[in-house]
Amino acid sequence: MTLSPFLKRVLLLDAASCLGMGLLLTLGGDPLAALFGIDAKIVGGAGLALFPVGLFMLWLGTRNAAPAAFVYLVIAGNALWTLESFVVAANAQDITGLGTGFVTVQALAVAGLAALEWVGLRRSRAAAA
């Protein structure tokens, strides 16, 4: 499937946000964990998990064509990240108000990116038909 310019831009935006958040959570994991009231292993682990995901999105966003399954994988991953974020926000024992706000806002941003990727996927598929 040929990737629409819109989809490619959204994938690149998603990649940049993943890699940036990965750096923030990895390098600032301990201070952020204290501010957010979330275990430092969760914060740092989330940061490390974002690097391969962000690099995959970066690679995908630079392709002219790719299997639709790759885009579905990105969308599903974003949906899972969003769900897991809400689970953390609701269940972390010592989470602070700042932690709840941060986790919720980034979860909504990821959900928004997934929605934009869905729109881009539909546009790409419609153009191919």
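Which residue lies over the face of F6? In this predicted model, where local features need pLDDT of at least 70, side-chain atom pairs count only at pLDDT 80 or more, and totals for chains, interfaces and linings use all residues, residues are numbered from 1 along each chain as its sequence is written. Side-chain values rest on heavy atoms, with hydrogens and water left out. The residue over the face of F6 is R123, at 4.4 Å from the ring centre; a charge sits over a ring if NZ of Lys or CZ of Arg is within 6 Å of the ring centre and within 35 degrees of the ring normal.

Five aromatic pairs were found in the whole structure. Rings of Phe, Tyr and Trp (its six-membered ring) pair if their centres lie within 6.5 Å, and planes under 30 degrees apart count as stacked, over 60 as edge-to-face and the rest as tilted. The rings of F36 and F102 are stacked, because their centres are 4.5 Å apart and their planes stand at 20°. F36 belongs to helix α2 (residues 29–36) and F102 to helix α5 (residues 97–128), so the pair ties together parts 66 residues apart in sequence. Helices are DSSP runs (H or I, at least four residues), numbered from the N terminus. F36 is buried, at 5% relative accessible area, whereas F102 is partly exposed, at 24%; buried means under 20%, exposed over 50% and partly exposed in between (1.4 Å probe, protein chains only).

A tilted pair is formed by W59 and F70, with 6.0 Å centre to centre and 55° between the planes. This pair links W59 in helix α3 with F70 in helix α4 (residues 68–91). Together with F56, W59 and F70 form one aromatic cluster.

Methods
Helix = DSSP H or I, 4+ residues; strand = E, 2+ residues; numbered from the N terminus.
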